[in-house]
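I have opened a new structure and am keeping notes as I go. Come along and look things up with me.

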Amino acid sequence: MDFRELLHARVIEFTVQEINNRTDLLPGITLGFQIYDTCAAVPMAIKATFQAVNGMEPVLNYTSVCSTNAAAYVPAVIGDSESTPSVCMARILGLLGIPQVSHFATCACLSNKRQFPAFLRTVPSDHHQAAALARMVKYFGWTWIGAVRSDSDYGNNGMASFLKAAQEEGICVEYSEAFYRTEPRNKIERVANVIRSSTARVIVAFLASDEMQVLLEELVRNPPPPLQWIGSETWIINADFLRFNMCAGAIGFSVPRAVIPGLREFLLDLSPAQVLKSLLLTEFWESSFSCSLTGFSESMRECDGSEDIRALQNPYTDTSHLRITNMVYKATYAIAHAIHGVICNDTQCDKSIQFAPWQILDGLKRVNFTTKNGYRVTFDTNGDPVAVYELINWQVQKDGTLDFVTVGLYDSSKPKGQEFSLSRAINWVGGQMEVPVSVCSESCPPGTRKAVQKGRPVCCYDCIPCAEGEISIRTDSLNCVQCPPEFWPNAKQDSCLPKPVEFLSWGDTLSIILTAFSVAGTFIAVCVAAVFYKHRTTPIVRANNSELSFLLLFALALCFLCSLTFIGQPSEWSCMLRHTAFGITFVLCISCVLGKTIVVLMAFRATLPGSNVIKWFGPPQQRLSVLSFTFIQVIICVLWLTISPPFPFKNLKHYKHRVILECGLGSAVGFWAVLGYIGFLALLCFVLAFLARKLPDNFNEAKFITFSMLIFCSVWVTFIPAYVSSPGKFTVAVEIFAILASSFGLIICIFAPKCFIIMFKPEQNTKKILVRKVPSKSL
């Protein structure tokens, strides 16, 4: 027989006696009770319900009533222990308005007040247990689990609540199997094979004790790989299952363990004479001691009075784990308080008051008291109590046996996220202290994202590296995020680092080389100017206007120096200076060269008979032409700087992983106007010099100017595509190279021949050589 159900029946008897002995609760009123056995079967539950509401005596003579008519007035019912029988009972009792208080029917479906208006319970609903289990599974990092349940109201509704909560927590279920204990063995075997072949190492079992026993006995035949069992409250505290070592390390929630003062003494205070008054106690006695109290059994000896109930070790005598027993204790007290609220005032009770069951139901909904052992009893609008669970862990003791150990607590009344707490270490499956792993796919590290595998649950995924320029900073990221424009991912792509800044700095090797050439060019220009100044009275220096030569040398020195403005980190002033200085100094150079070219042409025309053209292009006119040509470029630069000047900016598009500091043109029209004007003057100078290249003059500069302008134009024609296509700091280097190359071309082509004559051929630097004519050749 089921000693636990006998224990529950005797707790009702104990509680009723305790209430009847109190003077503050139902004073002067004696409560009675009747015990009906439903045999954990729906038909018997329905039969017992009809017997109770119709005033029929129970088959088992376990009763204590005040009068012979008491059975006709059932104010309330306690039970059943299982959900499915309770559902059937609640449908009948709800129609009659008779309150039903269950101590162990946990199905969440019973919280539906439309279907079960008269149902209440002292045990928490599976809705809370399912939520607690889902949060616990999430807490320990399990995302890939298996699930089995009883094919009953308890199992189906409980698992449905759990699966819904698990989905919200991001937990995937590899399989969900249901069975009932009376089903054929091949069905149980199929469920066991699913468990054996699964990859999930955690299994949630929402099973009644009978189904759990059937499943474990089947699994023992061919044990599966070690599994971490997660149990519902019906079997996680069932001591009968501690013999199954495969469940070592199991965890699950149960109602808190309690102590009921005086209960153990009451349970053990039994004599054979008392036992004979009840068929239930008689069966218990004879089963426990294997003897017959009546002496009519042929298979058992007759009890001789030496039987000691205190020496027994079974669920009836074990009061160290009072959990569901305390729920019975609370249910009995709840009904007593409801009756008290109906027929009693502050000082006394009126025995003559006739009350209806619906009044007791209303009273139950309002009860709010604390039992003698310190537990609060109250019901919410669904007839449910506050959910408080202990987290139970099956731990191996020093002697090698399994036992229940409380390792944590769940309290639904606490703020969200704080309901679950651990108080001590958990021993997991296999005796390990580390939390076992049960995932379909390993966690994706930072720097990757999850990509769900087609046709599989969301917990099964591949880890895909983040795309270029993207990062993920958390484990199991669903998406990668783009780094800000001025940042770039590190090698692991789990953080964004500032992009390295690139510009032509003074410390670069390329900058040092260009600076050296710039300084060397300036030095050469100064040296040439010094040579010319020293020999300023010589014919070769005086020819073709020495004043323009000195101005040209000064302009070339500025051209060499202006290339230095392109080196260093761009700033607002440097960007404006580098382009305008370059534009103005080069126009000054070309203007001087153009002036010298015109002088050559005018000098030739002046030698023709009757020509007086030279007076129209004397030194004043030469100075004015240089000034005019240069002033036009100044006007262009001023307009450029006024309308849309160059500015420093960060180029983020050319390179993905670097920031290039550049000078934006501001107005592209202004930039190309400056270059175009220089090109126009250079082309004009080239054409004029080409026309004068063969004039009969030993000191004719036209051919040297032609070569210098040819070099100049070649450099700048080549510069344009190179400038557009060069990356980063090399764009600036190309521009500097063009400036230096064209400047060196001018100073070498125009001044090198003269310096060679001055320094190494002074005999040719005479007026006689200068005025000597050569045969004229046609152009």
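**Notes on loops, helices and cores**

I began at Ser-290, which I found in the loop between H11 and strand E11 (291-292). Helices here (H or I, at least four residues) and strands (E, at least two) are DSSP runs, numbered from the N terminus. The model is predicted, so I keep in mind that local features need pLDDT of at least 70, side-chain atom pairs count only at pLDDT 80 or more, and totals for chains, interfaces and linings use all residues. Residues are numbered from 1 along each chain as its sequence is written, and side-chain values use heavy atoms, with hydrogens and water left out.

Ser-290 is not a glycine, yet I read a positive phi of about 55° for it. Is Ser-290 buried, partly exposed or exposed? With a relative accessible area of 44%, Ser-290 is partly exposed. My cut-offs are under 20% relative accessible area for buried, over 50% for exposed, and partly exposed in between (1.4 Å probe, protein chains only).

I then looked up Gln-493, also not a glycine, and its phi is positive at about 60°. Gln-493 sits in the loop between strand E22 (487-489) and strand E23 (496-498). Its relative accessible area is 16%, so Gln-493 is buried.

**A cis bond and a serine**

Which residues does a cis peptide bond join? I found Gly-79 and Asp-80, with omega about -5°. Asp-80 belongs to the loop between strand E3 (77-78) and H3.

Ser-83 is in helix H3, and at 4% relative accessibility Ser-83 is buried. Setting aside neighbours within four places in sequence, I listed the contacts of Ser-83 (heavy atoms within 4.5 Å). They are Ala-105, Thr-106, Cys-107, Leu-110 and Tyr-154. I also checked Asn-157: Ser-83 and Asn-157 are 74 residues apart in sequence, and their C-alpha atoms are 10.0 Å apart.

**Helix pairs**

For these pairs, axes are lines fitted to C-alpha atoms, for helices over the stretch in contact, and angles run from 0 to 180 degrees between N-to-C directions. Angles under 35 degrees count as roughly parallel, over 145 as roughly antiparallel, 65 to 115 as roughly perpendicular and the rest as oblique.

I stayed with H3 (residues 83-96) and saw that helix H2 (residues 42-53) packs with it at about 30°, the axes 8 Å apart. That angle makes H2 roughly parallel to H3. The crossing of H2 and H3 is right-handed, a term for a near helix turned clockwise from the far one by less than a right angle, with anticlockwise giving left-handed. On the H2 side I noted Val-42, Ala-45, Ile-46, Thr-49, Phe-50 and Val-53, which meet Thr-84, Pro-85, Cys-88, Met-89, Ile-92, Leu-93 and Leu-96 in H3. This contact has 11 nonpolar, two polar and no charged residues. For these classes, Ala, Val, Leu, Ile, Met, Phe, Trp, Tyr, Cys and Pro count as nonpolar, Asp, Glu, Lys and Arg as charged, and the others, Gly among them, as polar.

Next I took helix H12 (residues 324-343) and helix H13 (residues 357-366), whose axes are 8 Å apart at about 110°. That makes H12 roughly perpendicular to H13. H12 brings Ala-334, Ile-335, Ala-338, Ile-339 and Val-342 to the contact, and H13 brings Gln-359, Ile-360, Gly-363 and Leu-364. I sorted the residues of H12 with H13 into seven nonpolar, two polar and no charged.

**Cores**

Which residues touch the most other members of the largest nonpolar core? Of its 67 residues, I found Phe-582, Met-709, Phe-712, Trp-716 and Phe-751. Such a core is a set of buried Ala, Val, Leu, Ile, Met, Phe, Trp, Tyr and Cys residues joined through side-chain atoms within 4.5 Å. H21 gives the most to this core, with 16 residues. Another core, of 57 residues, lies apart from it and includes Ile-29, Ile-35, Tyr-333 and Ile-360.

**One last residue**

Thr-371 is in the loop between strand E13 (368-370) and strand E14 (376-378), and at 6% relative accessibility Thr-371 is buried. Beyond neighbours within four places in sequence, Thr-371 touches Tyr-329, Lys-330 and Val-377. Finally, I noted that 93 Å separates the C-alpha atoms of Thr-371 and Val-734, which are 363 residues apart along the chain.
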